[in-house]
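Please keep the sequence and the coordinates in view while working through it.

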Amino acid sequence: MSLIRIRNLTVSFDGQAALRGIDLDVAPGEVLGLVGESGCGKSVTWLAALGLLPAKARITGSVHLNDTELLGASATTLERVRGGRVAMIFQDPASSLNPVHRVGKQITEALTLHQGLRGGAARAEARRLLDAVGMPDATRRLDAYPHELSGGQNQRVMIAIALAGQPEVLVADEPTTALDVTIQAQILDLLQGLRRDLKMALVLITHDLGVVSDVCERVAVMYAGRIVEEAPAERLFAAPVHPYTQGLLGALPPIEGERRPLTAIPGGVPEPSAMPPGCAFAPRCPQVRMECAIAPPPLTRTSAVQRAACVLARDALVAA
Amino acid sequence: MTKLLEARDLVRRYSMRTGAFGRAIEVRAVDGLSLTLEAGRTLGLVGESGCGKSTTGRLVLGLEAPDEGAVHVEGSPMPPAGSLAWRRLRARMQMVFQDPLGALDRRLTIGTQVEEPLIIHGRPAGSERITALLLEAGLRADHAQRYPHELSGGQRQRAVLARALATAPDLLVCDEPISALDVSIQAQVMNLLMEIQARRGMAMLFISHDLRAVRQVSHRVAVMYLGRIVEEGAPDDVLHAPAHPYARALVSAIPHPGRRGQRILLSGDPPNPADRPSGCAFHPRCVDAFARCRVEAPALRPRTDGRLVACHLAHAAELEKVA
Amino acid sequence: MLRFLAGRLLRAAFTIAMVVTFAFVVLRLSGDPAQIIMGADAPPEAIDAFRAAWGLDEPLWRQYLSYFSAILHGDLGRSMRDGRDAITLVAERIPATLALTVPALIIKLAIGIPAGILAALHRNSLLDRAVMALAVAGFTVPSFVLGLLLVLVFAVQLGWLPSGGHESWRHAILPVITLGVGGAAVLARFTRSAMLEVLGQSYIRTASAKGVPWRAVVWGHALPNAAIPTVTIVGFMVGSLIAGAVVVESVFSWPGVGRLLVVAVANRDLAVVQCILLLVAATMVTSNLIVDLLYGVLDPRLRRSVGRAQGAH
């Protein structure tokens, strides 16, 4: 039984489509990776689900959280869900925290909203959360301001705030992109540990396939507002079906083996205003066919656990 | 291999105040760094924030003068920044930065900006030369009439590259040239850099925090920590059998498909150059630190296998093997 | 902290000294007070006597030195027209000016800031565009034009309000409105941009993502940050409480410091002009100092703290 069911989610801004029909499921307690480059819509998906997009965004489709429909829900419902059932943390921790509020206050604010804690009880719980996210000297740090902490420490604060509402799902939008590699390792390790201990589902949004391979159980690859491939992580890296996924994997400089030129996907992501009529990837695809320009291919199953939005998926299924 | 540029024992200090009425403290961005750049080869300089890699890039180019130590270009010392000799040297050494939009003038066309170095240094200019440079960087001839904001991030970086190559420099310093780009564009730019280097026989200093990218483009890798090089060697050697504890942690932290083994997690944050630990700069975070590490900073010395390491333990282990 | 204050006070004193010197020099270079006060057809002996009496025949630098030392002793000179102490003359007029500028400041704050916030919250809506259009009108129309227009409409045509003088509180209405409108317009525009800038920041999105209700996001998260740049402008408005009404006082014949200044300049009544300028400089400088201190209160990033938990990035 899925915790989150997204069906046919579309988002457009001023007539430009940012998301062109997403179907996605998140099971309780699983780690899902959402991979793609800039403009693919991986962040917009979750901002739309939580109602965090500006008013001018046109959103259609459905997002079910257990039995609750999130799209078009009342403000009260959304405020309860945000942080309380689905928590989201963002990319640049330094600018994602209010510079004029102490860190402790920003955590207790969430505690008050979702757990009804106040005063001393809230502060004690905030301290416990800071400890749990690995912040050294937690008691003193409660009174620190964000600018007094490092990037890694700020991200820990963000995670503590996210946990304050005891959410069922934590959506982490590029949580380590702005951080150094060794700090990134610490934060990813922290997220994995927390997820195990709290039995929380984790949606990791990133452009770094390496991060995904390390941390995620299942992966969905997005391109130009659509999901183009979905598979368990091992399978995706071993046998990607969609040429874009193959290209992304080939673009990753290998750690070992012979050094040769990387598979560079030529060209760039099409502008939302100049989207090709058929498959959005067709102009850059090394395996393009005539039929690719006619209509965007639907997500087709290639196996019990893998789907790809590509005409090649049919061939893969036949071959399998 | 011919030595193009040699930097010896560079030190670069900055003065900082802690707060409005704190004492003036000295920050050593670069603390005793030596490196050699060979013609036609790439040295990858890798490290995290605050390690001084960007400062090193500027010192190598002569954009800043070191407080101690010296930079020599083909045997002669680097002329002072801004002097006529230094400006003439610009034709032979160029830089590519992280933010291509910031590196380009918003009000000039790409063509004008690519041509500018040629005009400054009195080389033959003209639209044919511009087109040749643009094509070499993977752009089209018509991009010459466009403005920077009309190009994508990857295209802008190519324009910066075309401009840098205009005077056929012998050295290209790239400071985080791909970090701001999408993954597939990063691959394109990395391929381009390697191609250009092979074709022109240019030396390159590739500065990045991304060890994977550094391995891809470099012939030699140097790992920096708090202003010093702590390990230097062939990329695969450093990546597969790192000798310095920090290099080991850095390598194990790289998220990569098929990574084997447990991550080594460093405790704490990358250090503050204003607050240097005594002795070996890494010792507060090092699991293997012992008494000597707190007192004496290890020098970057070669092991028997040629690897340069700045670690008491790495050399002690060697001595044990020999003994 | 003490060093910070000491430094600022020193700078403040220097600024005031510069203003006073400037006034001193310009006034003496711009015409002969003796001639102007005694009148064009006074006999030359009378004019010379006047000059001698007021020390105007001394070399410029000596006049400056004696003036400066007099200030340091608290003596700001006497009016050349009626011989009374300059400072008394000015002090008499201050309440009248404040009676205009303080209510005007209240209007600026009470109308300008909420208007700006509302416009920012409903960006690009009809409300936003209307508020901004009014704001542009408000600060482009020069105050004397606005003042005269109001007089024309409300005093002359409708006869609801008096056109000049200062007998009752009703006389204050039109001048206060004239003064307040321009400032409210500027404040509205400024507050709007400050709010828009803050609302576009990541931490506002984080607050919403936490489940904080929108009203609490605006009040608790956005406003405290938007207050920081707004305080600068408000500080400037407070600083001009004394001298900001020169034009309006003239238009409405209001016997305040501004009017006194105009008359004194016309008469080259040196001591009075210098006294007023000194007062203005002092007020401005003080209000700037308070604003600087306020920054530290409002924005923790600007506080001088030693031994912070330093982060590398």
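The questions below concern a predicted model and take up its chains in turn.

Q: Which helix gives the largest share of the side of chain A that touches chain B?
A: The contact between these chains takes 34 residues from chain A and 34 residues from chain B. On the side of chain A, the elements that give two or more residues are α7 (151-164), α8 (181-198), α9 (209-215) and α11 (243-251). The largest share is seven residues, and its source is α8(A).

Q: Why does the distance between the ends of helix α6 of chain B agree with its number of residues?
A: Helix α6 of chain B covers residues 153-165, which is 13 residues. The expected span is 1.5 Å times one less than the number of residues.

Q: Is α6(B) mostly covered or mostly uncovered?
A: A residue counts as buried if 20 or more other C-beta atoms lie within 10 Å of its own. The buried residues of α6(B) include Gly154(B), Val160(B), Leu161(B) and Leu165(B). Among the elements that cover the buried residues are α4 (110-120), α5 (127-136) and β7 (171-175) of chain B. With 12 of its 13 residues buried, α6(B) is mostly covered.

Q: Which element gives the most to the side of domain 1 of chain B that touches domain 2 of chain B?
A: Chain B is divided into domain 1 (3-14 + 28-92 + 169-279) and domain 2 (108-168), and the C-alpha centres of these domains lie 26 Å apart. Their contact takes 12 residues from domain 1 and 11 residues from domain 2. The side of domain 1 comprises 10 nonpolar residues, one polar and one charged. Six residues of that side come from the element that gives the most, α7(B).

Q: Why is strand β8 of chain B described as largely enclosed by the rest of the structure?
A: One face of β8(B) carries Ala203(B), Leu205(B) and Ile207(B), and the other carries Met204(B), Phe206(B) and Ser208(B); all are buried. Strand β8 of chain B is therefore largely enclosed, since the number of its residues that are buried is six of six.

Q: Which residue is the bridge partner of Val173(B) in β8(B)?
A: Strand β3 (residues 42-46) of chain B runs parallel to β8(B) and is joined to it by five bridges, with Thr42(B) opposite Met204(B). β7(B) also pairs with β8(B) in the parallel sense, over five bridges. In β8(B), the partner of Val173(B) is Leu205(B).

Q: What handedness has the β-α-β unit made by β7(B), α7(B) and β8(B)?
A: The two strands of this unit, β7(B) and β8(B), pair in the parallel sense. Together with α7(B), these strands make a β-α-β unit that is right-handed.

Q: What percentage of the residues of chain C count as buried?
A: Chain C contains 13 helices and zero strands, and its C-alpha atoms fill a box of roughly 85 × 65 × 30 Å along the principal axes. Among contacts in chain C between residues at least 6 apart in sequence, 73% join residues at least 24 apart. Of the 313 residues of chain C, the share that counts as buried is 36%.

Notes. Residues are numbered from 1 along each chain as its sequence is written. Chains are lettered from A and ligands numbered from 1 in the order in which they are written. This is a predicted model: local features need pLDDT of at least 70, side-chain atom pairs count only at pLDDT 80 or more; totals for chains, interfaces and linings use all residues. Two residues are in contact if their C-beta atoms, placed from the backbone, lie within 7 Å. Helices (H or I, at least four residues) and strands (E, at least two) are DSSP runs, numbered from the N terminus. Domain bounds come from an automatic or database domain assignment. Ala, Val, Leu, Ile, Met, Phe, Trp, Tyr, Cys and Pro count as nonpolar, Asp, Glu, Lys and Arg as charged, and the others, Gly among them, as polar. Two strands pair if DSSP finds at least two bridges between them. A crossover is right-handed if, with the strands pointing away from the viewer, the path from the first strand over the helix to the second runs clockwise.
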